[in-house]
Each structure stands twice: as C-alpha cells, then as structure tokens.
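I opened this model to look up its cavities, its sheets and a few backbone details. My entries follow in the order I made them.

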Amino acid sequence: MLKRIGRIFICNLFVLTILSCKSNISSVVSVRKTPIDSLAIRVLGKNHALFVFLKTNDSLDNFSLESNQGKIIIKGNNYNSMAVGLNYYLKNYCHAYVSWYVNDKIDLAGKLPSIPDKITKSARIKNRFFLNYCTFGYTMPWWQWKDWERLIDWMALNGVTMPLAITGQEAIWYDVWKEYGLSDEQIRTYFTGPAHLPWHRMSNLDKWGGPLPMSWLNNQKELQKRIVKRERELGMTPVLPAFSGHVPEALKSIFPDAKINQLTSWGGFKDQYRSFFLDPLDPKFKEIQHRFLKKQTEVFGTDHVYGADPFNEVHPPSWEPDYLATVSSAIYSSMKDIDSKATWLQMSWIFYFEREHWTNERIKAMLKAVPQNKMMLLDYYCENQEVWKITNSFFNKPFIWCYLGNFGGNTMLAGNIDTVEERIENAISNNKNLWGIGSTLEAFDVNPLMYDYLFEKAWGEGKTDTKDWIKNWADLRYGRAQESARKSWDILHYGIYKDPAKLGQGTLTNARPTLSGSGNWTTNSTIAYDNNVLYKSWKLLLENPSQTSSYQYDVVNIGRQVLGNYFLILREKFTKSYNEKKLTELKVNGKAMVALFDDLDKLLATQSSFLVGKWLDDAKAFGENEEEKKYYNHNARNIITTWGDKDQSLNDYANRSWAGLTKSYYKKRWEMFINDITQAVENNKPFDEKVFHNKVTQFEWDWTQGNEVYSSKPVGNSIDVAKEIIKKYDENFENK
C-alpha cells in the first residue's frame, strides 16, 4: 500500500512540475489524453501536437492564449472554455473555419502562426443554449455518431453549455408504456416516423408515419448515450426531456377514469392524428413522470435541467389562470419529487405565436406557480419579437435570449446582424434575470455567420463593431485577407443581412407553380433587397477565388439565392406573355424558366451541404432490411415536400434548394405548369387551375413514394460552375 501511495505522489508531483514550468513547456509530454486533447486531434489533425492545454482554478468561464517555445498554450477554467480559446485562435490567427458538418473540410495550410501578445477573454454570459425540438427533424433525424461528434465539437468550440438533448427518449417511453400494459404495436404506432418525432414530442401529432421500427428505438438509445457522455466531457449540461402530459390514446382503455383529453388539431392533420393529454391534476400524472425520469436517469444520467412544453401550438383544456398555474405547479413538483435539483426549461414560443390567447395574466399565473430560479424561459425568436419586453421581463423569471434564424430548413439568405447586436446589448443592460443567450434554429441553414456571431457575443467586454466583425469573417472564410471578398461581404452586411428570417420562406423555384404570388404561405419568396445588389456581391466574391471549403460553399450559397430570386423576373415575363396571349414569347419565357432549374441544380450539386441524395442515403442507411429502407426513404422525402398527407397545409414548409430535389421535384412541377399554360393558349382556352392543382398534388405524393437514386457526393467544381452561370446570365443584371 505504501509503495502504491508513493507512486501516486511521484506521478502527481511530476504533473504539477510540468504545469508550473513555463520555461520548459516544449518538453511537455502528455500524461493522459483529456477530452480537449481528443477534440484538438479531431480538429487539428497532426497539428494538435503544437498545442498545450492547461486547466486553471478560476470559477468564471475564461481562456487565455499565448505562444511559448513553438507551442500554443491555451489555458481555461474548463474544457469548454479551452475549446472556445482554440476556436478563437483558429479564426483570428489562422483564418480557419470549423463547420458544424462532418463532411466540411477544415483548412489549415502552412505553418501555424504564433501569438505576439497574450490574449485573455472572459465569458460575460454563463449559459449558452443551442438547438430546437424541430432541429431533430429538419436536420438531424438521419445522423450517425460521426455527424454528432462533429456537431458536439462545433458546440464546444463555440462555447455552447446547454444543448438540447432529446435523442433516444422513445426507447425510455417504450419501456414506460410497456409497464402500463400497452402492446408493442400500440406503442410503436403511437410514435410518428423519425423526421416527424419533434412534433410528437411537443404533443402536436401522434401516429403519422408510424409504426416506428424497433431497430430505430434501439439505435437512438445507444446514440444518445454517446451524445450526452461527450457533451458532459466537454463541459456541457445536456437538457433532457421530462413528462408534460402527452400520453397514448390507448392508455384510456387501461385507465378509463383518468382525465385524458384530446388536444386541438394541429397543422391541418386529420383528427386521427391529434394527440392526447393527461391532466396534471390526475394522480397518474406524477406516477408517469416519476417512472419516466427514473428510467431516463438510469440510462442517460441527469444534469438536473429538463425541457417540458405543454400546449405548444395546441390549446389547454382550460384557459383559466388558476388552472394553468395548477398545471405548471404539478409539472414542476413531479420533477422535483425525483430530482430535488430539478430546473424546468420551457419555450416561450407560444407566448409570441399565440399571443391572442396567452395574455399576461395567463402567462404570469403559469410562471409564478414555479419557485423562483427553478424555471428558465427560452425567449425564442428575439430577432423579431422579444417576449421579455411584453411580459415584464417574464415576471422576473430567468430567461435566455435566443436567435431563431431559420424555419423548416429553408435555404434563404436572412439575418439582421445589426439589430441582433443592439438587442443583445439592450437585454444584458436591462435584465438582472437574463441567464444566457442561445439559438433556437429549426434547422441548420445557409447563414452560418449569424450563429458564429451570436455565440461570440457571450465572450469579451461589450459591444461588437459589426463592420469589423464582418471583415474578419470574410478573411476567415477564405483563409486570407482579400479586398474583393471583404467588399462582397460588406455588401451582404448592409444590403442583405438586415431582415430576420420569417415563417414560411422560399425562393419561387421551390413554390407550387402559380401565375402570381407564391402558391402557398409556406413559400413566401418576397425579398427586401435588390437582387442586383446580391448579384454584385457574388461577382466580387469570384474575382479572386480561394480554395478553402468555406469560400466555395459561399460561392454556391450566394449564387443559388441569386438564381432563385431571378426566377421571379422570369415568371413575371411568363405571366405577362400569358395574359397577352403571345404564344411565341410564352414559349421562350417558359424555356428560360426550365433552363434556370438546370443551372441551379448544377451549381448546387458541387456542395455536399446541398444534396438531396445525401439526405435520402443517410435515411436509408438506418434500414436493416429492404422494407425498412423503403420506410425511411419515404419519411425523409415526405418531410421536405408534402410534410404530411396530400395537399397538407404545411406543404413545402421544409422547402430547400438542394441538387436532385431541384431537378426532379421543383423543376417537374414548373414544367407541368408551363406545359399546361402553353397548351391552354395554343387551344385558345383558359388555364384550368383545378385540373392542374389535382395533377400537381398527385405528382407530389408520388414523389414521396419514389425510389430514384440521387448523387450523395458533390459533382463538379463550384468556382467553375459559378463562373459559367455568371457568363450566361450577366446581361440580365445591372452591374452598377
């Protein structure tokens, strides 16, 4: 025993000597591989050997950077802070960008630069939240561990401390409902298909796309174990789910006296898909909560923060404030019974989205029923409407200021960086109960600058000069300072990134064909800027090409928006020629519209982030047999097109400009439309909108059942294709 104690003492003395000896830092040998060392290996490759990570005893989140004898020394109070320090170095000294997608290359060329003077940064905001229930359906349903591993690295590099962690909960619920006597079929049919699970989890929808395969439940359970383990290793607090009252309809047959009510319809789905709610006043409520949290903790552990969102976009059985207070109190107390340290995290989306129902009296009753500091609110869509301002700062409850930024995965350039800057600073200055900032994006989108900017706001001393920030962003995207790139991003900053993303957006290419308007509320193609300005930015970007992955992504991203916007002009010409019954012009304009889809698809095909083939192949990879592959393929096609059944009100809500989808789906719809219009003019007959509507509706549903194979690998060179398109379209734009 004495020998063992002696060995431990000598080992610890050796480690302490290394950590305290700056003068001999180049000779440091890693005693053990820590989580931050492993992250550095994944991000830096062989360059990881040039970095030394040292932990400090500071209580507040902070990091420091300095060079010493050829090494980059990164100190921090925890691994999360050290990761932020590493990202700061990559961005500001290497002009290198780490994307949240595993397929995106990290460009680190040449010798890594030294740090002239020591840099120290502290977090001004403790909690940094990330993700949204919807992200798990619009972006991540088909992710394997390799995808999650990169995202968790990205979150650590950007200082996220509170990620939503709701993967795999169906496996826990399966066991809970099984104990109550429900059959395997009853339980798995209660669940929706994988991509629709977020809306099942939010009590909006049951059964659509079910039954959920048992192989899925098992896979996601194991995946969640790895997710929360890695998140905790890197200093994060995973937000796990809790029970908020959503139960299977079949539970009524087992407990006929239980207070189970069917909630209001949602999203235009038929009554058979409406969800059921167990009144928190019913004795069974606490019992179910206890069983679920116990089982979840046994499998996934706990960090004592739980997400629960009763009545999200559905109406409670009663709007009486006393009832809402009782519901809130019952939900929290049922958490506390199992976990005395429990804190409830709730979305405030409904307080904005259904403001006519959620009056301040009702909101106050619900919030005040939970002890102070035991409930946190996510102020969900602050770039558009800050709920804290209309609710007396959530009646002094802690809240997190959130940037939403994307609905449904729509591929629209959007973001109001200067407004966000002003609002964050104002929220910090005027709220003692502001506990954090975060992003509640519905899907990963095409505006990565907004999320990098947001999380950088958590560090430093105060206001950000957005003009300088954008200049640095241009440099890091292209690996070097480049004047034309800076000018391009300056135009984007002041000309494009001035308006928030809106509910129901999409370029007209992605909309159901129509002679005017956008076909459906889900594809509003209105832009608040001149497309000629965006085109100028695109051309400037291509003046001095870079080989970095982020540069080539931007070339495609800006170009596809330019083409999508220009389609509006082509449609206007087509409509005019139809109204004037000029057949020759009609055919010419129709041909130009169809040709644009081919150009757009070709440009999109050069980037892995814009491939429907990858989305579908990733989905089918979960199938353990051909039947399951077919099942996942349909579910993946369904969510990004019809969303639900034929002619669903949410049709095209998750529209996105992706190669394969653009050519086989959006182009085909417009071809059908153009052909029918042309035939009507040729036959001197009015266009029959009803006949076309029925035809296009059937086509959409048939596509969701299809099994065509699309490329899941990029094809072609982004720069070459973009230059080819510019040469073709240049005369159609004002180049002032």
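**Largest cavity.** I began with the largest cavity, which has a volume of about 390 Å³. By cavity I mean a set of points, on a 1 Å grid over the protein atoms alone, where a 1.4 Å probe fits but cannot get out. A volume is the space filled by probe spheres set on the points, with grid points joined across faces, edges and corners. The model is a predicted one, in which local features need pLDDT of at least 70 and side-chain atom pairs count only at pLDDT 80 or more, while totals for chains, interfaces and linings use all residues. Residues are numbered from 1 along each chain as its sequence is written, and side-chain values use heavy atoms, with hydrogens and water left out.

I listed 24 lining residues for this cavity, where lining means having an atom within 4 Å of a point. Tyr-101, Thr-139, Ser-609, Trp-615 and Trp-658 lie nearest the centre. Helix α23 (residues 612–620) gives the most to this lining, with three residues. Helices here are DSSP runs of H or I with at least four residues, strands are runs of E with at least two, and both are numbered from the N terminus. I sorted the lining by class and got 13 nonpolar, six polar and five charged residues. Nonpolar covers Ala, Val, Leu, Ile, Met, Phe, Trp, Tyr, Cys and Pro; charged covers Asp, Glu, Lys and Arg; the others, Gly among them, are polar.

**Second largest cavity.** The second largest cavity has a volume of about 220 Å³. It is lined by 19 residues, and Gln-169, Trp-173, Arg-201, Ala-242 and His-246 are the closest to its centre. α6 (169–179) and α8 (197–201) each supply at least two lining residues, and α6 has the largest share, with four. I noted 10 nonpolar, six polar and three charged residues in this lining. In total I counted eight cavities of 30 Å³ or more.

**Four-stranded sheet.** I traced an open sheet of four strands with mixed pairing, in the order β1-β3-β2-β4. Two strands pair if DSSP finds at least two bridges between them. β1 (51–55) and β4 (119–122) are at the edges with a single partner strand each, so one side of each has no neighbour in the sheet. Neighbouring strands are turned by 15° against each other on average, direction ignored. β1 and β3 (residues 71–76) run parallel and are joined by five bridges. Phe-53 has Ile-74 in β3 as its bridge partner. Helix α3 (residues 79–92) packs on this sheet, touching β1, β2 (62–68), β3 and β4, and its direction makes about 50° with that of β2. Contact means heavy atoms within 4.5 Å; axes are lines fitted to C-alpha atoms, for helices over the stretch in contact, and angles run from 0 to 180 degrees between N-to-C directions.

**Eight-stranded sheet.** I read the order of the eight strands in this open, parallel sheet as β6-β5-β16-β14-β13-β12-β11-β7. Its edges are β6 (162–163) and β7 (240–241), each with a single partner strand, so one side of each is left without a neighbour in the sheet. β13 (residues 375–379) and β14 (residues 399–403) run parallel, joined by three bridges. Leu-378 stands opposite Ile-400 in β14. Helix α12 (residues 321–338) packs on the sheet and touches β11 (305–307), β12 (343–347) and β13; its direction makes about 135° with that of β12.

**Backbone.** I found a cis peptide bond between Gly-210 and Pro-211, with omega about -5°. Pro-211 lies in the loop between α8 and α9 (214–233). Glu-313, in the loop between β11 and α12, has a positive phi near 60° although the residue is not glycine.

**Confidence.** The chain averages a pLDDT (the predictor's confidence in each residue, from 0 to 100) of 94, and 96% of the residues score at least 70. Over residues 1–31 the pLDDT is below 50, and I noted 17 contacts for this stretch beyond near neighbours in sequence.

Technical notes. 1 Å grid on protein atoms, 1.4 Å probe; cavity = no way out; pocket = protein on both sides within 12 Å on 5 of 7 lines; lining within 4 Å.
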